[in-house]
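Subject: Structure handover

Hi,

Here is the structure I promised to pass on.

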Amino acid sequence: MSSLKEEELISILPKDGPTVEEAKKYLEKYSKDFIVIKMGGSVLSDNNLFNNLIKDIVVLKRLELSIFLIHAVGSNIRVDTYDW
C-alpha cells in the first residue's frame with residue numbers, strides 16, 4: 001500500500017479526478033503492479049496531448065505507482081533481414 005497520507009492525496013489528485021476514498025482503493029489494489037501506458041506517435045506531434053500525458057504521468061508517479069511508457073510506432077516498424 002502507498003505510504004501517502006490523506007492530505008498528500010488531496011494535493012496530488014486532480015480536482016476533477018477521483019475521490020480520496022476511490023484513489024485509496026485503487027492504490028491498495030495496484031500499488032505492486034506496473035501501469036503500462038501506450039503512447040502513439042500522434043501524442044508527440046500534438047502539444048495538448050503531450051502536455052496532458054506528462055501531467056498524467058506526474059500524477060501517477062506522485063502516487064508512487066510504477067510506470068512503463070511504450071511508444072507504439074505503428075506502421076513505422078520496419079523489419080530488416082540480413083544475409084550473413
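**What I found**

Among contacts (heavy atoms within 4.5 Å) with a separation of 6 or more, 65% join residues 24 or more positions apart. Before you go further: this is a predicted model, where local features need pLDDT of at least 70 and side-chain atom pairs count only at pLDDT 80 or more, while totals for chains, interfaces and linings use all residues. Numbering starts from 1 along each chain as its sequence is written, and side-chain values use heavy atoms, with hydrogens and water left out.

On the fold, the protein has 4 helices and 2 strands, taken as DSSP runs numbered from the N terminus (helices are H or I, at least four residues; strands are E, at least two). Their order from the N terminus is α-α-β-α-α-β.

Of the 84 residues, 20% count as buried, meaning under 20% relative accessible area (exposed is over 50%, partly exposed is in between; 1.4 Å probe, protein chains only). The largest nonpolar core has 15 residues, and Leu 9, Leu 53 and Leu 63 have the most contacts inside it. By nonpolar core I mean a set of buried Ala, Val, Leu, Ile, Met, Phe, Trp, Tyr and Cys residues joined through side-chain atoms within 4.5 Å. Helix H1 (6–12), helix H2 (20–30), strand E1 (34–40) and helix H4 (47–62) each give two or more residues to this core. Leaving aside residues up to four places away in sequence, Leu 53 touches Ile 37, Met 39, Val 43 and Leu 69.

Now the largest pocket. A pocket here is an open set of points on a 1 Å grid over the protein atoms alone, where a 1.4 Å probe fits, with protein on both sides within 12 Å along at least five of seven lines; lining residues have an atom within 4 Å of a point. The lining has 13 residues, with Leu 13, Pro 18, Leu 60, Leu 63 and Leu 65 nearest the centre. H2 gives the largest share, 4 residues, and H2 and H4 each supply at least two.

Most residues other than glycine have a negative phi. Glu 64 lies in the loop between H4 and strand E2 (66–72), and this residue is partly exposed, with a relative accessible area of 40%.

Cheers
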